[in-house]
Each structure stands twice: as structure tokens, then as C-alpha cells.
Amino acid sequence: MKKARNTSLVIKYILLTTAVLTLALSTILAPTNLRVFTARLTSLTSHLGIRSCTTTTTNTTPNMAYEKELKVAQLAVARASILTKSVFHEKAKGTLSKDDKSPVTVGDFGAQALIIAAIKHNFPSDEVVGEEEASSLREQKDLSSKIWNLVKDAKLSDSDSDALLGGPIQTEDKMLEAIDQGNSAGGDKGRIWALDPIDGTKGFLRGGQYAVCLALMVDGDVKVGVLGCPNLPVDDSEPLAEDVGSAATDAEGKGVLFSAVQGEGATSQPLTRGPIAKGTPIHTKKLSNISDAVMCESVEAGHSSKGDNAAIAEKLGITGKPVQMDSQAKYGSVARGAGDLYLRLPVRKDYVEKIWDHAAGDLIVREAGGQVTDVNGNRLNFSLGRTLKENKGVIACPAGVHAEALKAVQEVLGAKGIEVRYGS
Ligand code: AMP
Ligand code: MG
């Protein structure tokens, strides 16, 4: 009797091991996420009447990973977007020119203050790598008070959500302090947030696309990414209009919030004044032929080489015009399959990309089934400080066509004599 029970147990375990290996293989080949794999495993083991061996797997499933961080990030981005939307409608946006000649507006400063205050309220020892700093504002009192007027009035319509972010910032000085807390040097240790309060400031000024971008890195690895894109359509299935980057109206009913947590997929939902709803899963498009890809590129010729983009499109047989838009809205569009191929090709040898321009978008695209690398095929490395000093350019697209896209990029850049490390 006992022998028969032992034999049946051995058979069950052999069956289970075979099934686990088959599931693992199918997970790798068709990249379903870990949660699906674990769910299938759990159902299989319970079917076989084996409980103990799944306990560890179930407990380590990152189901609830970074739940609070995600919620705070989503709400903080939503609240900051209320402020940026109010500035978007103003003709005079309180624009300054920074040392690197790039523009910054009252919207950038205000959004950075609101987001950092929310992070510090919830996670006081976390650091923030933020694009802006407040030294120029301390000298320009009128600009500072203009920002303060916006910041003190920006609140979510849902009071519980607003309270979770710590409520309003108390004083103008505290607002300036918050802006300056974006001064982390970044790196590969501990919890560090990467923040671009308005990515695509030039688009914001032109009436185009822009994005409020926030990502949490732990030991240099991006764990949570959130993008607020106030001027993108809510509907994930809406094709990218040719003028999406130039005729933004910020009309009611527009605006999308993209989110991702490492290992848990990517989602989208309408960008609202709170509370945060459950997002809808998004996926990159399944392309059977790369020539069908919709390309996305920067509006600004100084940010990405349009000539190289065109040469690569020709090599890949892509005949459609690239859709031009500012900001990480390009990453969001690729992640939901509205665009397919985002190329950012170096125009200047000495330009080094900043982590806040890519951290959230990189995770969102990868969690939606895409692949993001530089022109050498290397993953973007966020652990080296405030910049992506080991990367050049960006290629973001569905994982299935990435190798083909990379090959075309390397052939075009290589033919121009631009040094690319083939096959690295
Ligand atoms: P996009 O809207 O995609 O064109 O990118 C906007 C971002 O480009 C800004 O946030 C800047 O940090 C960044 N940027 C500024 N100059 C350059 C450059 N020469 N090459 C690449 N990116 C740049
Ligand atoms: Mg930016």
C-alpha cells in the first residue's frame, strides 16, 4: 500500500518536472510574463494534488511588487500634469534658457516640485535625479512666485489621493527646496528616482506632444516607470495621426497614463485628476514584416538624425512617413502598438543621453513586449550616474523585429564611418 503510494508520488513528480520544463520553454519562446507562468504552474500542481513545492514560487511572485511606489508615481504624475496642462493653455509660459541653451518653463519647475514633494513624503530616504534645479529661481523672485501660484493650486480632485501625496506644499521656500532635491548623482546603489517633469519642453512650447516622466531605479535597475502624456489619445488602438506631434489641442478627453512594473507588464489608462484606476494591459504590435512598421522620430532635427532614419527606413522597406513627435510619448506609442520603431540616432558625437529622458519609457516598452537598446545592441544602462554615458542612440521596437532593425541601423551608420561595435 505504502509502496504503491510512493510510486504514484514519484510518477506525479516526474509528470510535474516534465510539465514545468515544457512551460518554462514555452514562456521563453513566447514571452508570456512570469505571472502567467506562475499561475499555470500553480494550477498544474494543485491539479496533481501537490501543494508544498509551489509555496516558494507563489510567495516570490512579484504580484504586489512596488505597489505603493507605483501608486504614488501614478498620482504624482497625474497631479503634476494638472499643473502642466494649465500652463500649456497660457501663451506666456515663463520660459528661461538654461546653460545648455535648452528651454525651461514654469511648468517644468512646478511639476518637478510637486513630484519630488510627493516622493519625499512617502519615501523620505529615496533620492531623485531630476532635470531641473532652482538656483535661477532664487534670483528671479517674480518667476518663483509665478510658479508658487501654480503649485499651491495644483491638487487632485480625489482628496484621499491628494492626501497620499502629502497634500499641498506648505510654502514657496519648501517648493524651491523640493526642486533642489532632484540633485542626486544617480548610480548603482539604492533607491533613486529619475524625473523629467516636462520631457519635450520644445513640444510643450510649440503646442505638440510632451510627457511627465518618472521612474524608480533600485541598484541601477528600473523597477517602476510612469509616463503622463496629456496630448496623446486615450484609445490604445487609435492609429498615430501624421500630425499627432504638431496639432495637439489638450482637449478634454485626451491624455494617457502609461505604467509598468518590472516583471508585471505595462498598462495604459486615461490620465485623470484621480483616483487611479486599474490600467489596461498594453502590448507592442505583432509585425509579420518590418516593412509594415510605423516609425516614430523626434520633431527636433538636433535630437536625432532624420537623414539616417530615412536611410534605415529605406533599407527596411518602410515606405510610410515617420510620425514626428516630441518626448517619451514615442516610447508610449511603441508600447501600445500605435507606433512600432522609435529610432534616436546620434547627431553629435559629444552628446550624452540623460537617464530621465529614457528610464520610464525603456521599462514600459520592454514590459509591453518590446526591446530597447542603443545602436550597438546594448541595453540602456541607468546605473552610471545622471547620464547614459555608455550608450549611443536608441532603438525601441517589438522584440521580434529588433535584430533586423539593429542590423539596418548598424549598416547605415557603419557605411557613414560612424563607429558601431558590431555584434556587441
Ligand atoms: P525629443 O523630444 O525626443 O526630441 O527629446 C527631448 C530631449 O532631447 C530633451 O529632454 C533633451 O534632454 C534631449 N536632447 C537635447 N539635446 C539633444 C541632442 N543633441 N541629442 C539627443 N537628445 C538631446
Ligand atoms: Mg527631457
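Buried here means under 20% relative accessible area, with exposed over 50% and partly exposed in between (1.4 Å probe, protein chains only). Keep that handy and select cysteine 296: at 0% relative accessibility, it counts as buried.

A word on ground rules. This is a predicted model, where local features need pLDDT of at least 70 and side-chain atom pairs count only at pLDDT 80 or more, while totals for chains, interfaces and linings use all residues. Residues are numbered from 1 along each chain as its sequence is written, and side-chain values use heavy atoms, with hydrogens and water left out.

Now zoom out to the whole protein. Of its 424 residues, 51% are buried. Colour by secondary structure and you get 14 helices and 14 strands, taken as DSSP runs (helices H or I, at least four residues; strands E, at least two) numbered from the N terminus.

Next, select residues 106–122 and 141–153, which are H5 and H7. The two helices pack at about 55 degrees with axes 9 Å apart, the axes being lines fitted to C-alpha atoms over the stretch in contact, and angles running from 0 to 180 degrees between N-to-C directions. That makes H5 oblique to H7 (under 35 degrees is roughly parallel, over 145 roughly antiparallel, 65 to 115 roughly perpendicular, the rest oblique).

Show side chains at the contact (heavy atoms within 4.5 Å): Val106, Phe109, Gly110 and Leu114 of H5 meet Leu143, Lys146, Ile147, Leu150 and Val151 of H7.

Last stop: cysteine 229, also buried, at 0% relative accessibility. The whole structure has 0 disulfides (cysteine sulfur pairs within 2.5 Å); the nearest cysteine sulfur to cysteine 229 is that of cysteine 213, 7.0 Å away.

Technical notes: Chains lettered and ligands numbered in written order.
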